[in-house]
Amino acid sequence: MEKSGEPVTDTVNLKTAKSEHLDRKKAQKSSLKNLDKELLREMLYQMVLGRFFEQKCAEVYRIGKIGGFCHLYIGQEAVGVGALMALRDDDYVITAYRDHVQAMIKGITPEAVMAELYGKSGGNVGGKGGSMHMFSKEKGFFGGHGIVGGQIGVGTGMAYAQKYKGTDAVTLCFFGEAAVNQGMFHESLNMAQLWKLPIIYICENNQYGMGTSQTRAMSISSVAQKAEAYGMANEFVDGMDVLAVREATTRAIERARQDGSPTLLEIRCYRFMGHSMSDPGKYRTSDEIKKNQERDPIFLFKESLKEAKVFGDADFAEIETRAKEAVEKAVKFADESPLPDEKELFTGVLA
Ligand SMILES: Cc1ncc(C[n+]2csc(CCOP(=O)(O)OP(=O)(O)O)c2C)c(N)n1
């Protein structure tokens with residue numbers, strides 16, 4: 001039985017943790033051997049691009065080029081890359097408002113994402129959505145949603161449509177752990193399991209819903225366990241380990257394609273920045289943040305690639321240069337993109 005207020009991480013048994021760590025090292029090695037080198041290069045590139053892109057967002061936000069709410073993904077890159085890069089192009093994705101990096105991994109260009117953040121016409125929804133509402137029907141990226149948990153119902157409907165049309169495509173539906181306390185989560189899981197819908201629910205458990213830690217808001221510490229109530233397959237995954245995320249997502253995708261079975265993945269991670277750009281972050285100690293940053297997902301992936309002699313320093317430098325150039329190109333595009341025309345005020349409006 002969990003004691004309320006007990007920190008989630010303190011329940012780890014050190015002896016088990018050590019042997020699990022060694023097992024994971026072994027699994028990582030074989031996983032690195034099995035994956036194509038160019039795929040690994042692209043995975044690292046997308047993680048680095050995501051990090052640099054978000055750092056640039058913070059910079060241009062502070063000088064007023066981006067307005068409104070802006071939630072950054074720094075620290076969570078392994079979740080987006082590990083999960084989304086296990087998909088096919090015809091699969092669907094839906095997520096919450098921390099959506100810039102996931103939109104890029106699903107194929108929306110950095111230029112279109114940055115211009116959207118600037119509210120410019122070159123944005124992926126013409127500058128009318130902004131940070132929280134990235135969207136592209138062509139790329140199968142269905143938002144970008146601001147109502148906590150709202151996308152879980154919409155995502156379940158998307159998976160229903162995939163099954164109804166007789167495709168073997170799947171939906172990845174992302175949300176934070178705070179969304180799990182909403183009724184929508186429970187209603188959706190029940191329906192998905194009952195109707196065998198091809199959906200993978202991904203709870204990105206970064207351990208905080210705004211300034212509230214999970215331990216203060218949830219009666220049990222395991223999100224994955226909640227799937228048991230619906231007889232649904234579930235897994236707990238280390239969200240700082242991009243290969244572990246890829247492997248768990250791949251298993252869930254196979255299950256969904258084969259017989260339409262849904263899965264709940266709880267992917268434990270940590271956001272290195274505040275909840276949004278306006279969060280002073282007084283609810284976490286710097287020690288806690290530092291401890292989590294020691295397991296920076298980009299650093300960990302680079303270390304394992306280096307250890308397995310897949311890539312060396314020259315490869316890392318090339319990837320970083322390419323990612324920096326892509327971000328600069330995106331900023332230039334957003335700077336030069338015109339504001340939306342006034343007549344756009346009357347398009348896409350339902351009255
Ligand atoms: C229905 C609803 N209630 C409250 C809010 C205000 N709110 C915005 S973000 C947030 C925290 C969500 O945390 P989590 O789901 O864990 O995602 P994270 O921000 O950590 O990625 C809250 C309560 C909202 N947007 N929608």
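This is a short tour of a predicted model, stop by stop, with something to select at each one.

**Colour by confidence**

Start by colouring the protein by pLDDT. The average is 94, and 95% of the residues score at least 70. Now select strand S1, residues 92-94, where confidence is highest, at 99. Helix H1, residues 14-34, sits at the other end of the scale with a mean of 77, the lowest in the protein. Then pick residues 1-12: pLDDT stays under 50 there, and the model has 12 contacts beyond four places in sequence for this stretch. Where pLDDT is low, the predicted coordinates should not be read in detail.

**The ligand and its surroundings**

Next, click on the ligand. How many residues surround the ligand? There are 15, and the closest are Val 148, Gly 176, Ala 178, Ala 179 and Gly 209. Two elements give two or more residues to this shell: strand S2 (171-176) and strand S4 (208-209). If you colour the shell by residue type, you'll get 8 nonpolar, 5 polar and 2 charged residues.

Now select strand S7, residues 263-268. Is it buried or exposed? 6 of the 6 residues of S7 are buried, so the strand is largely enclosed by the rest of the structure.

S6 and S7 pair in the parallel sense over 6 bridges. To get from S6 to S7, the chain passes through helix H9 (residues 242-259), making a right-handed β-α-β crossover.

Look for Ile 202 here, whose bridge partner in S7 is Leu 265.

**An enclosed helix**

Hop over to helix H3, residues 77-84. 8 of its 8 residues are buried, so this helix too is largely enclosed by the rest of the structure. Among the buried residues are Glu 77, Val 79, Gly 82 and Leu 84.

**A residue on the outside**

Select Leu 39 in helix H2, which covers residues 37-62. Why does Leu 39 count as exposed? Because it has 11 other C-beta atoms within 10 Å, and a residue with 12 or fewer is called exposed. While you're here, draw a distance line from Leu 39 to Val 242. They are 203 residues apart in sequence, yet 13 Å apart in space, C-alpha to C-alpha.

**Two loops with a positive phi**

Finish with a pair of backbone details. Lys 196 sits in the loop between helix H7 (183-194) and S3. Its phi is near 50°, a positive value in a residue other than glycine. With 14 other C-beta atoms within 10 Å, Lys 196 is partly exposed.

The last stop is Met 210, in the loop between S4 and strand S5 (212-213). Met 210 isn't a glycine either, but it has a positive phi of about 50°. This residue is exposed, with 12 other C-beta atoms within 10 Å.

Terms used
Residues numbered from 1 in each chain as written. Predicted model: local features only at pLDDT ≥ 70, side-chain atom pairs only at ≥ 80, totals over all residues. Near = placed C-beta within 6 Å. Helix = DSSP H or I, 4+ residues; strand = E, 2+ residues; numbered from the N terminus. Nonpolar A, V, L, I, M, F, W, Y, C, P; charged D, E, K, R; others polar. Buried ≥ 20, exposed ≤ 12 C-beta atoms within 10 Å, placed from the backbone. Pairing = 2+ DSSP bridges. Right-handed = clockwise from strand over helix to strand, strands pointing away. pLDDT = per-residue confidence, 0-100. Contact = placed C-beta atoms within 7 Å.
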